[in-house]
Amino acid sequence: MDQPHAHLFKPLNVGGIEVRNRIALPAVLTNFARDSRVTDRWHNFLVERAKGGCGLLVTEIIAVDPLALAHSAIVAGFDERNDDALAKTARDVKAAGGTLVAQLWHPGRQQLWQPSHSPMGVSDQPDAYSWTVPHVMSTAELKRLGDAYVNVALRLARLGFDGIELHGAHGYLLTQLLSPWSNTRADEYGGPIENRTRLIRDIAAAIRHGVDRPFIVGLKMPADEGVSGGINPEEAASITRRLAETTHFDYFAYGQGNFSISLENHVPDMHFQAGHFIDLHRQMRAASGGIPVMALGRIGTFELAERVVAEGFGDLVGMGRAQVSDAAFANKAERGELAAIRPCVFNNFCWGEVHAGKPIVEFHNPHLATQGEAAWSPARATIHKRLAVVGAGPAGLEVAWVAAARGHHVDVFHSGDVPGGKLRLEAALPGHEEMTKVIDHQLVQARSTGVNFKAGQKVEDLGPLLENYDEVVVATGSEQRQPEYLNDGSVSTYSMHELARARERKELPRGECAILFDHDHTAPTYAGASLLASTHQRVVLVTPRTQVASFVNYCSALGIHRRLHQADIEIITASTVASIERGAATIQNVFSGKERVIDNCDTFVFSTPRRVETQFLEVSGRVHRIGDAMSPRNLMIAIHEGHALGNQL
Ligand SMILES: Cc1cc2nc3c(=O)[nH]c(=O)nc-3n(C[C@H](O)[C@H](O)[C@H](O)COP(=O)(O)O)c2cc1C
Ligand code: SF4
C-alpha cells in the first residue's frame, strides 16, 4: 500500500530549500576517496541514495584544511582538483530529487586512525582514544581555521551544493570547543557558552553572508557527550538556544558520545533499544525555537521513523545505517513495500571496516555504492537450470533466492525444521535477536521468487537425489570444534552453538561456576557469556589472546566490555584450559606455563574455530562450495559468496 500521506513523506522547508521528505542520510564515512580525491564509488554512494528516495543527504566528513586530513581516504574540501567531481555529485543528487549538504570537518585532537601527523587541539589534554597530546592552537590559529571552514563552504556553494553541515559532534574539533570537558581556554573561545560557541557562530555568519541564495547551514553536535563535566542534555539545550538566536542555522542534528568510552553511543548497536535517543531529540527540539531537528540513532524501520515525525521527536529522521543496508529504503517505504527493505540489524560491521581504514562494506548489501544499486534486481538467466542448494544458512539462502530470481528452478535441502542455519542460533543469544531479520529478509526474497524448501533432509541421504540437478551448491556451514584438553567428563560441556540450542529448548545449564573458553573473539561469544552470567554464580572467561573481542568493531566491543564487567565476569587472558578433572579446571598461561586451578566448575562452554560440516559430497555434475562449507569465515563472506554465485549460475 502506498504511504504518500505518512508524515515521513511530507516535504520540509530547510533554509529556504524544499526537502522532498523527512528522511535524511546522516554523514557516513565510506573511505572510498583515494589520495584525498573523490572517486566514482564516493559519488555513487550519495547519488544512489538520492535515487532511492532519500530527502536530505549529508556527505561524509570533508576535510577543511590539510592538517585535518587524518588519512588519504578522506576528501580534501580545499583541493580544487576535487571541484569537477564534487560539482557532478551535487548535480546528480539534485537530478535524483535529493538535497545535498556537505559535512565540514576537522578532527582537532581526536585521532581515530593512528599515527597522525597533525593533532591540533583547543587545550592540551590528550585525546581520550589515542592519548595523543595535541598542539594547542592560539587564538589566531583558531580564527584561521574558522576561515578554512568558511572558504570550503563557499567553494561548495559555488559547486552547486545545497548547504553544509558543521561537524560539531562525536568529540571532533568543534565539539572540543563547545564542551567544558575539553575546552579549558582562557581566551575569547573559552569559558561561558557565549565564548565556546563563538567560532561556530562566526563561521555560520560568514557563510550566511557569503552565499547570496538559499543555502543550508546545519550543525551536528552532541545532545549528550556521555562524560562527566561534558555536554549533558541541559548544556546541549542551552547551546542550542544560543545558536538558534543567531538565525544562522537551518537545522540541528544530534550525535552522542565522544572518543572516550562513550564512543559506543555514536553508533548505537543492536544492544541499544530501537530509537534509543529519540527522547533526547525531543528535548533539543524544545530548545531549537522551531529550527528543524534531525533525530538519529538506531532508527531502522518505517514505523519508528514515522513515529519520530508524527509524535514530534524530530522534524527530520537521520537513517544512516538503515540506508547503508538499503539505498532504496525511502522509495520502498513510500510504496509500502516494507518487507522488501533489506534491514539494518545494527551489528556495526560497516563501521568496523571503516574504523579499520578499509573502504566500507555492508555484510548483506553486496551492491553498496555501485552504479544502479538503488534499482538493482537480478538479471534473468539465458538458460534455466535445475539447482539444488544443500544448506539453508545465510549463504545457501542467498544463492537460492538470487538464482531463483534469475529464472532457475531452485530446491533447498536442509536438515533442520526451519531455515536459517547457525545464524538462527546466534539470534537465540541475548541481544542478538535482531539477526533474525537477516534470515527473514532472505526468506521473503526466496518465497517471492519461488524457491522450494525441503526440510529434515540429512546430507548423507541426499546423494542419489542430487544427481537430478544441473548444479549443486554445498552451503552446509560449520560447527565449533572441541578444544584439546584433558577432560574426565565431570562437567557438562557445550559448544556455543549447543548452548544457544539449549536456550531455544529452555534447557539451559545452571550452577555455581561456568568456564567459557573463548578461542573465537566474535560478538556472539560474549552474548553467550552474558547468558552464562544469568545462569551461574561465577563465570570465568579464558582466552589464549592478550585481550578479548579482537574481532568485534571497537564501538560494539565497548558495549561488550561494559556488559562483561557489569556482570562481574572474570577474564583470564593469555591462557588456555589444560584440563578439567573432578570439577576443577586447570588454566595455563600461554607465555609462562604457570597454572591456576578453578574449583567447583559445573559447566564448560567453548567457542572455537569452526570445522566444515560436510567435507565430502559425491555427486556428478557441477558442485560449488560457498560460505563456511568452503572454509569457515564470517557472515559477510558467506552472504557475498552466495550472492555472487547466484548471479553467475
Ligand atoms: C560507517 C559509518 C561512518 C560514519 N561516518 C560519519 C561521519 O563521517 N560523520 C559523522 O558525523 N557521523 C558519521 N557516522 C555516524 C552517523 O552519521 C550517525 O550519526 C550514526 O550512525 C547513528 O545513526 P544511524 O543509527 O542512523 O546509523 C558514521 C556512522 C557509520 C556507521
Ligand atoms: S553492516 Fe550492519 S550496521 Fe552496517 S548497515 Fe549493514 S546491518 Fe547495518
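Student: Which elements each supply at least two residues of the shell around ligand 1?

Tutor: Helices (H or I, at least four residues) and strands (E, at least two) are DSSP runs, numbered from the N terminus. Here β4 (56-63), α10 (320-325) and α12 (349-355) each give at least two residues to that shell. This is a predicted model, in which local features need pLDDT of at least 70, side-chain atom pairs count only at pLDDT 80 or more, and totals for chains, interfaces and linings use all residues. Residues are numbered from 1 along each chain as its sequence is written, while chains are lettered from A and ligands numbered from 1 in the order in which they are written.

Student: Which residues come nearest to ligand 1?

Tutor: A residue is near a molecule if its C-beta atom, placed from the backbone, lies within 6 Å of it. There are 27 residues around ligand 1, and P26, A27, L29, G320 and R321 come nearest.

Student: How is that shell divided by class?

Tutor: Ala, Val, Leu, Ile, Met, Phe, Trp, Tyr, Cys and Pro count as nonpolar, Asp, Glu, Lys and Arg as charged, and the others, Gly among them, as polar. The shell around ligand 1 has 15 nonpolar, 8 polar and 4 charged residues.

Student: What surrounds ligand 2?

Tutor: The residues around ligand 2 include R321, V324, S325, F349 and C350. Two or more residues come from each of α10 and α12, and α10 gives the most, with 3 residues. By class, the shell around ligand 2 has 7 nonpolar, 3 polar and 2 charged residues.

Student: Why is α1 described as largely enclosed?

Tutor: A residue is buried if 20 or more other C-beta atoms lie within 10 Å of its own, exposed if 12 or fewer, and partly exposed in between, with C-beta atoms placed from the backbone. In α1, 9 of the 12 residues are buried, so the helix is largely enclosed by the rest of the structure. Among the buried residues are W42, F45 and L46.

Student: What do the buried residues of α1 pack against?

Tutor: Contact requires that the C-beta atoms of two residues, placed from the backbone, lie within 7 Å. The buried residues of α1 pack against elements including β3 (23-25), β4, α2 (83-95) and α10.

Student: Into which domains is the protein chain divided?

Tutor: Domain bounds come from an automatic or database domain assignment. The chain is divided into domain 1 (7-365), domain 2 (386-479 + 612-648) and domain 3 (482-608). The contact between domain 1 and domain 3 takes 12 residues from domain 1 and 7 residues from domain 3.
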